[in-house]
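Subject: Structure handover

Hi,

Here is the structure I promised to pass on.

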Amino acid sequence: MTGTPRPATATVVPGDADPAPEREPDERPYSPGLEGVLAGETALSQVDGARGRLLYRGYRIGDLVERGSYAAIANLLWTGDWDPGHRLPTALVPDAVLAGLRALPSDVKPMDALRTAVSAWGAMQSLDWPPTVEQARALTAFSPSALAAFARLRDGKDPVEPDPSLDLVEGFLYQLTGSRAEPGTTRALDAYFVVGAEHGFNASTFTARVVTSTRSDVASAVAAAIGTMKGPLHGGAPSEVVDQLARMGSVDRAEAWMRAALDRGERLMGFGHRVYRAYDPRAAALRKVAESMDHKPDWLQQAIEVEDVALRLLAERHPERAIKTNVEYYAAPVLQGVGLTPDLFPATFSLARTAGWTAHVLEQAGDNRLIRPDVRYVGEPERDLPG
Ligand code: COA
């Protein structure tokens with residue numbers, strides 16, 4: 001560009017030479033972490049944090065766990081129709097995606113592998129605007145196959161092709177292990193998937209809606225959501241629950257261990273929530289599932305006894321803020337009880353939440369407005385460059 005004269009312009013624009021205008025203080029309200037801010041409207045789920053209730057399209061989560069399947073709940077979220085017999089088998093992983101998964105080092109985190117697979121899958125589809133229920137269904141059916149394939153490849157095993165006679169959760173377990181799961185195991189994991197399917201404007205769902213609001217595609221929205229869920233404050237807690245219980249050793253040592261952890265400023269994993277001030281109804285549903293499992297982890301009883309101590313200590317430390325058990329606490333024994341290794345917990349949570357993410361993508365696209373909030377500038381006032 002050197003030597004090219006700038007075109008003369010007749011338009012008068014405010015220039016650098018003008019004196020800096022006086023800056024008005026920005027008095028608009030700001031809530032760190034957007035806590036308590038209404039950032040949208042949804043008909044998908046109601047999270048009543050004060051009373052500890054969760055509804056999907058008006059139906060109570062406890063009833064859905066008892067009488068629904070993940071496929072039926074996903075369909076309910078996408079379409080609004082309640083069809084308890086709805087089925088959704090897992091889908092084949094395209095060869096190009098498998099080649100990408102094979103190329104990943106075996107110590108890659110499953111969340112990174114899943115995010116990569118979703119991204120590669122999206123690159124190969126014609127995901128036009130607006131997103132459709134069919135796209136939501138296809139992505140939700142693909143993701144379990146991709147995670148199962150990665151989990152096998154890193155162990156030096158071949159991926160297992162989907163069995164179309166199996167519904168999504170049973171199909172996922174089959175592709176993970178290479179054999180049919182016991183009905184009790186499938187039911188327990190299905191209950192976990194139902195409970196994890198949807199939860200209002202949590203960080204990853206909000207991310208998916210922001211991406212969709214730019215008229216980007218459903219795979220981009222879900223890949224971004226997986227990236228958001230990867231953080232330990234969102235989806236990483238259940239594996240840390242197992243870890244913390246192991247470090248405590250026994251119930252007798254739990255109180256001393258937790259007091260010391262809280263003194264060091266650490267958080268007790270599986271407790272606290274941005275919205276719930278009452279007991280998380282998902283934790284209550286999963287505790288029932290965990291206690292009725294055929295293969296309970298041997299530390300489940302320890303977890304139940306430690307929970308009471310943890311709640312007492314948290315109430316002592318934070319009399320101003322009700323910190324109760326959250327979903328992750330009892331997700332941990334369910335996930336371990338069905339035979340998943342802790343490093344697969346966050347990615348399995350992502351598989352479950354894919355129904356909710358994609359339902360939000362559809363809802364956002366149905367009445368879209370670009371999500372672009374404002375930010376208060378708190379930096380230096382306008383000034384001259386030194387020299
Ligand atoms: N253990 C110990 N202290 C906790 C706590 C926990 N699990 N959860 C919250 N607190 C404390 C914080 O230290 C903070 O205390 P301070 O004001 O003295 O610093 C206070 O309670 C408020 O915490 P804050 O982080 O502002 O609340 P939040 O609404 O943003 O937090 C979570 C929500 C989920 C991030 C938080 O409860 C947490 O980190 N929990 C542990 C991780 C977890 O289980 N995540 C899964 C969520 S489903």
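By class, how many nonpolar, polar and charged residues does the lining of the largest pocket have? The lining has 22 nonpolar, 15 polar and eleven charged residues. Here Ala, Val, Leu, Ile, Met, Phe, Trp, Tyr, Cys and Pro count as nonpolar, Asp, Glu, Lys and Arg as charged, and the others, Gly among them, as polar.

Before the rest, the ground rules. This is a predicted model, so local features need pLDDT of at least 70 and side-chain atom pairs count only at pLDDT 80 or more, while totals for chains, interfaces and linings use all residues. Residues are numbered from 1 along each chain as its sequence is written, and side-chain values use heavy atoms, with hydrogens and water left out.

**Overall**

The protein chain has 15 helices and three strands (DSSP runs numbered from the N terminus: H or I of at least four residues for helices, E of at least two for strands). Its C-alpha atoms fill a box of roughly 80 × 55 × 45 Å along the principal axes. Of the 387 residues, 48% are buried, meaning under 20% relative accessible area with a 1.4 Å probe and protein chains only; exposed is over 50%, and partly exposed is in between. Among contacts (heavy atoms within 4.5 Å) with a separation of 6 or more, 77% join residues 24 or more positions apart.

**The pocket**

The largest pocket holds about 1800 Å³ of space. A pocket, on a 1 Å grid over the protein atoms alone, is an open set of points where a 1.4 Å probe fits, with protein on both sides within 12 Å along at least five of seven lines; lining residues have an atom within 4 Å of a point. Grid points are joined across faces, edges and corners, and the volume is the space filled by probe spheres set on them. Of the 48 lining residues, Asn202, Ala203, His273, Arg274 and Val275 lie nearest the centre. β1 (45–48), α8 (203–213), α14 (327–337) and α15 each supply at least two lining residues, and β1 gives the most, with three.

**The core**

The largest nonpolar core has 111 residues, and Leu189, Tyr192, Phe193 and Met258 touch the most other members. The largest share of this core, eleven residues, comes from helix α5 (residues 133–153). A nonpolar core is a set of buried Ala, Val, Leu, Ile, Met, Phe, Trp, Tyr and Cys residues joined through side-chain atoms within 4.5 Å. Leaving out residues up to four places away in sequence, Phe193 touches Tyr70, Leu168, Val169, Phe172, Thr348, Leu351 and Ala352.

α6 is mostly covered, with eight of its ten residues buried; among them are Leu168, Val169 and Phe172. Its buried residues pack against α2 (70–79), α5, α7 (183–196) and α15. Just after α6, Gly178 takes a positive phi of about 85°. Leu166 is in the loop between α5 and α6 (168–177) and counts as buried because its relative accessibility is 1%. Leu166 and Leu88 are 78 residues apart in sequence, yet 8.2 Å apart in space, C-alpha to C-alpha.

**Two more spots**

The buried residues of α4 include Trp121 and Gly122, and the buried set packs against α3 (95–103), α5, α9 (218–229) and α15. Gln244 lies in helix α10 (residues 237–248) and is buried, with a relative accessible area of 6%.

Cheers
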